[in-house]
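My notes are below, in the order in which I looked things up.

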Amino acid sequence: MLTPTHVMLFSLVLFGIGIVGVLTRRNAILVLMSIELMFNAANLNFVAFSWAMPEIAGQVFAVFTICVAAGEVAIGLAILIALVRNRENIHIDEVNLLKW
Amino acid sequence: MLELIWLIPVLPLAGALLNGLWGWRLSRRSVGLVACGAVLLSLVVSAGAVWELSRLPVEARHFRTEVFGWMPLGPLQAGAGEGLRVAWGFALDPLSAVMILVVCGVGFLIHVYSVGYMAHEEGVGRFFTYLNLFMAMMLMLVLGSNLLVMFVGWEGVGLCSYLLIGFFYDRPFDARTGLTCADAGRKAFLVNRVGDLGFLIGVLYLGLSFGTVEFGELAEAVHGSGGVSAGLLTGVGILLFVGACGKSAQIPLYVWLPDAMAGPTPVSALIHAATMVTAGVYMVCRMTWLYAAAPEAMAVVAGVGAATAFLAATMGIAATDIKKVLAYSTVSQLGYMFAAFGVGSGVGAMFHLTTHAFFKALLFLGAGSVIHGMSGEQDIRRMGGLRRKMPTTYWTFLLGVLAIAGIPGFAGFFSKDEILWGAWSSGHLGVWLLLLLTAGLTALYMTRLLWLVFFGEFRGSEEQRHHVHESPRVMTVPLMVLGILSVVGGWMGIPKVLTGGADWNGFASWLAPVLGHHGGGEAAAAGSGHGAALELGLMLVAVVVALAGITGAAAVYRRLGVAERVAKGLGPVYALVRNLYWVDELYDALLIRPFYALCRLARTIDERVVDGMVHATRNVTLGLSYLSNTHDLWIVDGAVNLTGATVRGASHVFRRLQTGSVQSYATVMVFGAFLLMVLYTLGR
């Protein structure tokens, strides 16, 4: 029987996969995608809590978050395009101009 | 004209300014013209003023004018009235009238003569500037209505004397002492300074005691004091006489006058024979009322004057420089004047001053003419036989010699006789004897001078013999005028005994309002008939002494070698006289050397003690600043640098944290968030 707790555990796993992806992948696109995973883990949490304590606001916020995430991805992709125009690749570990 | 007497000193002053400022671009002719013109105008104004003065009744013959107020001084002592007000005033009375006529008259002739004498010299503009300035100062001295204006003139003539003695400042002057002309000028200035200090102190004493320095007011105050302040008056009289000693070259301050001969000869004639050196005589005559109340001061004046007259005359016998003979003669004759004043014959002093101005100026100008003709030679041992080469100079010089020797009929006879009679009749027999001997010595050395210069064989070099010439007319005409004055100048003071009782003595009666109450000798001579035979007898004695001097000199110098034998026979006496009694050496040992030693001592103290303190201060400051510098470098700067180095070192370590890699930042952030969450959870 599926309960909100199962959803939350799944969300936790998803978030962890996202974090690992963000911290380990060299490719900037994959990093962005990992961030999306983390977003959606958060959204799942919203929905799960909305289910656990009958309250519609959680689901409303999830929808909002998806909208905002869409804008965020647009910006992120724009940065990547700017990056790829100035460099040969989009390896994020090579972008370290702010080094000491 | 009386109101214009202020012009008398101002005109030569204007001439001096004109020549001083623009003389360098004027021609020699214009410079001479300006200088002589200024003095001539002064002479005209003086003559006019004196003429007007003589038209006034005898008792009103005093004119005073104030040009402007000078120094309004506060009360000199607390509660002593309204204080001292010094005005720049000029006064003309019979005494100053005589002086301005002598100064302007003789001065004008000497100015004219100078045009010729200085014709070949450099710096004519400077020369005439000084000469005109001298005239201005001398006339200010004479005309000043109070002691301070007189003092300005007194110092002014001293300054001009200094400038003119040192006129040829780069030429050597005296082989014996190794002085240059500039040194001679300095000597004159310094010796005068000693006297001037006495004079100034005397003036200040008078001003402090009586609250005024005006001659008229002072005379009244002294009359009114009733002998209360006899000690003060004696002291002041002696102090003023110290000033006169400096200016008029009396013992002990006469040493500068022989060296003053370093100046150009017209200067010697004008300043160091006829006018400036007589300022002291004029000053004591001006202060007659003071000396009348201070008989002790009078006695000092008489004694110093007679001693100077005699000693200077002996020095004149052995001198070999034509101008120095005349210089000692001047000192001697000035001593005569002071002796005359001292025995109470102020009229005699002024009379001798006047005639002396004539014949001594004549003698100096004659000497200048000889020097000019001899191309600068001044040693009488290298002259001789100039009588034929320079006839005008010879004849006028002869007149001067006869006048100074006191030959009857010439100017010097009358004035000298008046002095001798004054000394005898007032009972100063010692003074009389000294002056009589001086008269003989005067005749002796003047005849010697005349003989060595104008008679005998020429003893100069061939070149000089070839070059000797009579001076130009611009020089001989003043000689002739002065020659005439040297004869007739005495006729204004012929004593009654020679005129059979008729009063021909215009000079004495002219000066009577100023000096009358003073001249005891005159009164005795004029009043009693029983003195007539005595007076004639004394006159005869004086003439015999003078003739003895002349014949003695003629006997010695007429034949070669006699003079040397006489000198050898006299031995140490001759050496004493020849070396001027070693007075210069005495002053050198007593005053100058100790003074130099004192200077050296002061210098040593300066170098060792004062400089030592300064240097010690410097060294201490240097040491302290070294310490301070070290402290700054190591401690202050060290602290600052340590801070910097620490921060730098730390940054080296900690900047490694800034990897610039976004993933490492994210890792830290995640672990941080996790840590916070763990802490939060455990903290529950």
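**Entry: ground rules**

I am working with a predicted model, so I kept local features to pLDDT of at least 70 and side-chain atom pairs to pLDDT 80 or more.

**Entry: where the chains meet**

I started with the contact between chain B and chain A. It takes twelve residues from chain B and 13 residues from chain A. The two chains bury about 960 Å² between them, and 63% of that is on carbon and sulfur atoms. I sorted the chain B side by class and got four nonpolar, six polar and two charged residues. How many salt bridges cross the interface of chain B and chain A? I found zero. Polar contact did turn up across this interface, in two residue pairs, both at pLDDT 80 or more.

**Entry: domains of chain B**

I looked up how chain B is divided. Domain 1 covers 2–84 + 93–534, domain 2 covers 579–622 and domain 3 covers 630–684. I also took the distance between the C-alpha centres of domain 2 and domain 3 of chain B, and they lie 76 Å apart.

**Entry: helix α10**

Next I went to helix α10 of chain B, residues 265–274. Is this helix mostly covered or mostly open? Mostly covered: ten of its ten residues are buried. The run of buried residues includes Thr265(B), Ser268(B) and His272(B), along with Val267(B), Leu270(B) and Ile271(B). I then asked what covers them. Among the covering elements of chain B are α3 (94–117), α4 (124–143), α5 (147–165) and α9 (256–259). Helices α14 (322–342) and α15 (346–373) of chain B are also on that list.

**Entry: the loop between α8 and α9**

I checked the backbone in this loop of chain B and noted two things. Ile251(B) and Pro252(B) are joined by a cis peptide bond, with omega about 5°. Pro252(B) sits in the loop between α8 (230–247) and α9. Ala249(B) is in that loop too, and it has a positive phi of about 55° although it is not a glycine. I flagged both, because most residues other than glycine have a negative phi and most peptide bonds are trans. Ala249(B) is buried, at a relative accessible area of 0%.

**Entry: Thr314(B)**

I found Thr314(B) in helix α13 of chain B, residues 295–318. Its relative accessible area is 10%, so I have Thr314(B) down as buried. What does the side chain of Thr314(B) reach at 2.5 Å? It is the backbone oxygen of Leu311(B). Leaving out residues up to four places away in sequence, Thr314(B) touches Leu441(B), Val577(B) and Tyr581(B).

**Entry: Met539(B)**

Met539(B) is in helix α25 of chain B, residues 531–558. At a relative accessible area of 5%, Met539(B) is buried. Its contacts, not counting residues up to four places away in sequence, are Phe413(B), Asp417(B), Pro495(B), Val497(B) and Leu498(B). I also compared Met539(B) with Glu418(B): they are 121 residues apart in sequence, and 9.2 Å apart in space from C-alpha to C-alpha.

**Entry: salt bridges**

I searched the whole structure and got 17 salt bridges over all chains. I followed up a few in chain B.

- Glu214(B) and Arg64(B) meet through their side chains at 2.8 Å, N to O. The pair links distant parts of the chain, 150 residues apart: Glu214(B) is in the loop between α6 (181–210) and α7 (215–224), and Arg64(B) is in strand β1 (residues 63–72). Glu214(B) is buried at 7% relative accessibility, whereas Arg64(B) is partly exposed at 33%.
- Arg186(B) pairs with Asp183(B), with the closest N and O atoms 2.5 Å apart. Both lie in helix α6 of chain B, three residues apart, about one turn of the helix. Arg186(B) is partly exposed at 42%, and Asp183(B) is partly exposed at 22%.
- Arg381(B) pairs with Asp379(B), with the closest N and O atoms 2.8 Å apart. Arg381(B) is partly exposed at 46%, while Asp379(B) is buried at 14%.
- Lys187(B), Asp259(B), Lys324(B) and Asp584(B) are joined into one network by salt bridges that share partners.

Notes:
Residues numbered from 1 in each chain as written. Chains lettered and ligands numbered in written order. Heavy atoms only, no water. Contact = heavy atoms within 4.5 Å. Buried area = accessible area lost by both parts, 1.4 Å probe. Salt bridge = Lys/Arg side-chain N within 4 Å of Asp/Glu carboxyl O. Polar contact = N/O pair within 3.5 Å; in protein donor to acceptor, adjacent residues only side chain to side chain. Nonpolar A, V, L, I, M, F, W, Y, C, P; charged D, E, K, R; others polar. Helix = DSSP H or I, 4+ residues; strand = E, 2+ residues; numbered from the N terminus. Buried < 20%, exposed > 50% of the residue type's maximum accessible area, 1.4 Å probe, protein only. Domains from an automatic or database assignment.
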